[in-house]
Amino acid sequence: MTGTSLRRAGAGAWRRVLLRLLFTLALPAVLVTAWWVASDGSTNVYWPPLRTILKAFPDVWTGERLRTDVRPSVLRLLGGYATAAVVGVALGTVIGSYRRVRAVCEPVLEFLRAVPPPVLVPVIMLFAGIGDTMKVVVIASGCVWPVLLNTVEGVRAVDPVMAETARSYGISGPARLRGVVLPSASPQIFAGLRQALSIGIILMVISEMFAASNGLGFTIVQFQRGFAIADMWTGILVLGLLGFVLSVLFQVVERRVLGWYHGLRASTRRSP
Amino acid sequence: MRGANLALGAAGLAAFLALGEAVPRLGLVKEAYFPPTSRIAGALGDELADSAFWTALGDTLTGWALGLAIAVGAGIVAGVIVSVVPHLREATASTIEFLRPIPSVALIPLAVLLYGTELRSVLLLVVYASFWQILIQVLYGVQDVDPVAEETARSYGLGTWARVRHVLWPTALPYVMTGVRLAAAVALILVITAELVIGAPGLGARIAVAQTSQAVPEMYALIVVTGVLGLLINVGARTVERRALAWHQSVRGEVAV
Amino acid sequence: MHPRLAVSGLRKVYEGSGRRVEAVRDLTFTVEAGELVCLVGPSGCGKTTLLKCMAGLLAPTSGEVLLEGRRVTGPPPDMAFVFQEYGRSLFPWMRVGENVELPLKQKGLARARRRELVADALRSVGLEDALSAYPWQLSGGMQQRVAIARALAYEPRVLLMDEPFAAVDAQTRADLEDLVRGLWRERGITILFVTHDIDEAVYLGERVLVLSASPTVVQEQLKVDLPAERDQLHTRVAPRFAELRTHVYEQIQAAKRGTPVDRLTKSDAPEPH
């Protein structure tokens with residue numbers, strides 16, 4: 001390449017980066033500005049000016065509140081989610097590995113999974129009270145189904161050629177589980193884990209709105225009941241932010257664990 | 001083979017129900033918290049005979065169906081526009097990625113303030129949550145359009161609308177069906193949530209009432225009803241999806257449950 | 001002195017959804033140690049079924065497979081199988097080196113020995129640089145080489161190959177055929193090679209077994225008396241090559257038509273060398 005075309009190529013790369021940055025930030029900037037402008041002189045109780053909301057932010061979400069409300073919420077979510085993940089994958093692997101077991105369990109599992117998770121709150125409240133245990137149990141009970149059922153499906157659907165290859169080389173038992181079955185099922189398992197995450201957040205918030213003495217959901221409801229609208233809005237924003245952050249974290253983990261899967265799909269898409 | 005599986009499944013179900021009968025009666029769990037299957041069945045019978053139950057069921061289904069319909073309509077329209085207008089997809093990508101994971105339950109306090117226990121509260125939550133399911137699937141579907149087909153259509157002078165009808169839509173349709181299935185399930189969850197937490201009329205509200213008045217078997221009976229509802233929706237959506245895909249020869253390696 | 005492999009009276013009947021399909025009726029033949037035997041037959045004649053029974057992956061309805069006198073009831077440790085669908089046989093979450101190493105871990109070999117075998121195997125298929133690539137980053141031909149390397153590293157006494165080159169393009173196939181023949185001459189493994197490609201069977205094999213149509217029996221055994229040194233260019237235009245392939249072709253056409261096989265001409269022992 002000549003000197004001029006090299007320079008042009010370098011300039012082209014810069015242009016592309018700037019263009020991408022523009023696309024990423026343009027619409028959000030427009031929306032936020034529109035919100036600011038539209039709500040600026042607002043006297044509507046329910047739609048305070050964005051300026052007021054943002055000003056209230058540091059006042060409401062102090063370090064103390066982060067400790068007394070945000071931390072317990074997040075810990076409950078993580079506790080319930082982790083429990084559901086472990087139980088779901090373990091049980092799902094067992095059920096998915098044996099055709100008869102799967103056939104026996106299938107109708108019952110399909111029914112239990114069809115029950116909308118929020119109804120678990122009043123049920124579990126019956127015997128677990130209103131403490132932290134209740135919330136963790138609620139979250140776990142709701143999150144386990146997508147994980148379990150997706151694990152069953154993933155384990156069942158191991159490619160027959162792959163299974164035969166493993167058999168022909170004498171790979172069996174725990175080595176087969178760890179080296180063949182679980183990796184092969186992992187994309188499906190991760191799909192289940194992603195669904196479980198959204199359900200977990202919903203249950204965390206609901207269980208706190210329903211019966212709690214602290215937590216994000218509890219705090220927001222308190223603001224709403226006390227008509228502290230701007231504070232309530234900050235709570236909504238925080239909840240939104242939490243959802244976003246967790247989703248990003250999940251994607252980061254998924255990209256690392258399933259890097260091979262994305263590469264595989266990309267290569268088959270390029271040359272079917 | 002099929003028959004054997006069905007028989008095993010039925011056996012599993014029967015064992016589950018039997019367990020539900022035996023365990024509380026044996027005192028392994030408190031009967032007050034977990035009534036035996038027969039008591040729940042009895043309460044279910046009482047519910048079915050109660051006209052208030054059917055009103056509540058109707059309210060739930062109305063909220064669900066209306067919310068789903070609005071979400072599907074809005075999702076498809078938005079998805080098509082974003083896909084067809086040049087550059088709009090890249091411009092909206094970041095916004096979608098940010099708004100999508102926001103839990104719709106965050107809007108509950110807002111809904112309470114704005115609409116109280118009206119239907120609109122329910123719709124706010126349902127539409128917000130289900131809309132994203134549809135939109136994302138439409139965008140996946142558009143991504144899947146065969147560029148050769150698109151080029152061919154363009155070279156024959158087909159306008160934007162014609163291309164949407166003949167190239168985009170048939171490719172995207174299976175994805176839209178998947179989106180509808182996912183949205184239907186999400187919609188049910190949000191309807192029940194809205195009724196449970198906000199108190200909008202419906203099955204969820206009835207469950208909350210049963211819980212506060214300590215009518216435990218009735219509560220379980222209602223939960224069974226929501227489960228059956230969820231099951232019917234799942235099965236129904238899957239059947240519709242399969243019918244729509246029956247003619248579609250593409251084997252999508254998408255991981256979707 | 002046992003033949004390396006002995007198949008006697010092998011029969012396989014598939015039952016399912018109310019249908020009974022006799023895929024393989026009666027297969028009897030032997031393979032001596034160090035031989036390269038090719039199996040050809042019309043489509044659907046149960047070649048894969050036969051191979052999988054021999055590998056212990058499928059249980060025959062009756063009859064038996066003996067590996068050095070011992071019955072094969074499950075995949076034996078000194079037998080390796082190369083599948084046709086290399087894309088689905090290699091594990092996509094492992095790199096090439098890890099794929100080749102996995103069966104060795106199962107054998108319980110020490111790490112140093114494993115690494116040695118992996119490097120050696122990859123070198124003999126010409127992929128020593130591909131150690132840390134993922135299988136799906138490689139071309140089809142290279143992926144099949146990895147599968148072959150994996151089989152080689154396993155140090156098997158018998159190598160079973162099920163139409164391994166059916167899914168690669170013609171030029172790559174030619175290279176891979178030479179690779180297999182080269183490895184065979186170098187290492188003295190006993191190879192049983194199933195193919196639907198008649199030219200390939202005659203080019204590669206010392207002996208060609210022609211199978212009949214389903215329900216399958218051995219239609220004919222043919223000794224390939226071409227020189228041991230073969231190459232794609234010259235061997236394939238040799239007159240003897242043409243004769244042999246024509247003969248095999250006629251046999252297969254007869255098999256497809258279901259022409260009754262004269263059982264007296266069927267021989268189940270290799271002709272004296």
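Chain C is assigned two domains, domain 1 (5–78 + 156–265) and domain 2 (90–155), with bounds that come from an automatic or database domain assignment. This is a predicted model, in which local features need pLDDT of at least 70, side-chain atom pairs count only at pLDDT 80 or more, and totals for chains, interfaces and linings use all residues. Residues are numbered from 1 along each chain as its sequence is written, while chains are lettered from A and ligands numbered from 1 in the order in which they are written.

**Domains of chain C**

- The C-alpha centres of domain 1 of chain C and domain 2 of chain C are 26 Å apart.
- Their contact involves 12 residues of domain 1 of chain C and 10 residues of domain 2 of chain C; two residues are in contact if their C-beta atoms, placed from the backbone, lie within 7 Å.
- On the side of domain 1 of chain C that touches domain 2 of chain C, helix 6 (residues 170–187) of chain C gives the most, with five residues.

**Overall form of chain C**

- Chain C has eight helices and 10 strands, where helices (H or I, at least four residues) and strands (E, at least two) are DSSP runs, numbered from the N terminus.
- Its C-alpha atoms fill a box of roughly 55 × 45 × 40 Å along the principal axes.
- Of the contacts in chain C with a separation of 6 or more, 72% join residues 24 or more positions apart.

**Contact between chains A and C**

- Chain A contributes 18 residues and chain C 19 residues.
- Helix 7 (160–168), helix 8 (173–210) and helix 11 (259–270) of chain A each supply at least two residues of the side of chain A that touches chain C.
- The largest share of that side, six residues, comes from helix 7 of chain A.
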